[in-house]
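I opened this model with a notebook beside me and jotted down what I looked up, in the order I went.

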Amino acid sequence: MRHLMSPLDFTVEELDRLFDLANDIENNMAKYAHTCDGKKLATCFYEPSTRTRLSFEAAMLNLGGSVIGFSDAGSSSAAKGESVSDTIRVISCFADICAMRHPKEGAPMVAASRSSIPVINAGDGGHQHPTQTLTDLLTIRSLKGHIGNFTIGLCGDLKFGRTVHSLINALVRYPGIRFIFISPEELKVPSYITDMLKENNIPYQEVIRLEEIMPRLDFLYMTRVQKERFFNEEDYVRLKDFYILNKEKMRLAKKDMLILHPLPRVNEISVEVDDDPRAAYFKQVQYGVYVRMALILTLLGIHV
Ligand code: CP
């Protein structure tokens, strides 16, 4: 039995197979419509979500399976003090696979250690968000034809942003990746990540102004300044509108640069950018469903 806690749980070759499957699903949905008949997915979300929970649910429904779960810790027995370990042992009696989001780093890992069904980390605190990374990689591969040999700018909350941490971890295994980290001083990427990049001789640069590096980027990965990760309101208010990508800044970008964003967005991408053909963030959401379908099939060991 396999779980998914980090994108590194799959080798690059396994990821290639997963993305091939996701692309086949994209092109032949009907072929997969009954592959999970009789199977149940449990979505245990202790933290708010729109995309991840609903795309997992859509993925399982598209495969012919069904879904149980909770979207709010307050409506589960966690509110009465039940531990994650006990909850997953109970869920294992009801479902075949579980996607779990939790505000505490490592909680899905604890669940996996006590589970008799595959557990997928659907985001744990500021740590990792592996299925968002699978979504990001599939989007890059599908829209550009390959992963590698590009400069990617990651902009916004690089300190608490679990999507950023997961994506960097995953991209270092591909050739010719150059990182540019764009953030205010207070939201810089953690040193354990820059140390890892130095150890592996992977080029990176840290800057504060988006405009100065815009012309060099092949991808711009925008992120939200996350109110829920701040300890005081004052810091959040000061930093929340630090970056706003608008049409004027887009004029500095390459003609084929792609904008990615895990979403939700607040103010960091002006809605006027949505009509720009380089805005790929809503396509990215659609790829999230295909890759989660492929992941469910893979972890359940279902071959089509
Ligand atoms: N990208 C992402 O994790 O979105 P949700 O918080 O809506 O699931």
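Predicted model: local features only at pLDDT ≥ 70, side-chain atom pairs only at ≥ 80, totals over all residues.

**Entry 1: the domains.** I began with how the chain is divided, and found domain 1 (7–128 + 286–300) and domain 2 (131–284). These bounds come from an automatic or database domain assignment. The centres of the two domains, taken over C-alpha atoms, are 25 Å apart.

Residues are numbered from 1 along each chain as its sequence is written, and side-chain values use heavy atoms, with hydrogens and water left out.

**Entry 2: where the domains touch.** How many residues of domain 1 are in contact with domain 2? I noted 33 from domain 1, against 27 residues of domain 2, with contact meaning heavy atoms within 4.5 Å. About 2400 Å² is buried between domain 1 and domain 2, and carbon and sulfur atoms give 54% of that area. Buried area here is the accessible area (1.4 Å probe) that two parts lose on being put together, summed over both. Of the area that domain 1 buries against domain 2, Phe19, Arg51 and Tyr287 supply 26%, more than any other three residues.

Entry 3: I found three salt bridges between domain 1 and domain 2; the rule asks for a side-chain nitrogen of Lys or Arg within 4 Å of a carboxyl oxygen of Asp or Glu. I also looked up Arg162 and Glu47, whose side chains meet in a salt bridge at 3.1 Å, N to O.

Which elements give two or more residues to the side of domain 1 that touches domain 2? I wrote down α1 (12–27), α2 (51–62), β3 (97–102), β4 (119–124) and α11 (281–299). Helices (H or I, at least four residues) and strands (E, at least two) are DSSP runs, numbered from the N terminus. On that side of domain 1, α1 gives the most, with eight residues.

**Entry 4: the ligand.** Next I listed the residues around the ligand: Ser49, Thr50, Arg51, Thr52, Arg101, His129, Gln132, Pro262 and Leu263. The cut-off for this list is a heavy atom within 4 Å. A polar side-chain atom of Ser49 lies 2.6 Å from a ligand oxygen. For Thr50, a polar backbone atom is 2.8 Å from a ligand oxygen. An N or O atom in the side chain of Arg101 is 2.9 Å from an oxygen of the ligand.

Entry 5: Most residues other than glycine have a negative phi, and most peptide bonds are trans. Leu263 and Pro264, though, are joined by a cis peptide bond with omega of about 5 degrees, and Pro264 is in the loop between β9 (258–260) and α11. Asn149 is not a glycine, yet has a positive phi of about 55 degrees; this residue sits in the loop between α5 (130–144) and β5 (150–155).

**Entry 6: the start of the chain.** My search of the whole structure gave 14 salt bridges. In one of them, Glu14 pairs with Arg2, the closest N and O atoms being 2.8 Å apart. Glu14 lies in helix α1 and Arg2 in the segment before α1, so the pair ties together parts twelve residues apart in sequence.

His3 is also in the segment before α1. The side chain of His3 reaches the backbone nitrogen of Val119 at 2.9 Å, and a polar atom of that side chain lies 3.4 Å from the backbone oxygen of Ala112.

Note on methods
Polar contact = N/O pair within 3.5 Å; in protein donor to acceptor, adjacent residues only side chain to side chain.
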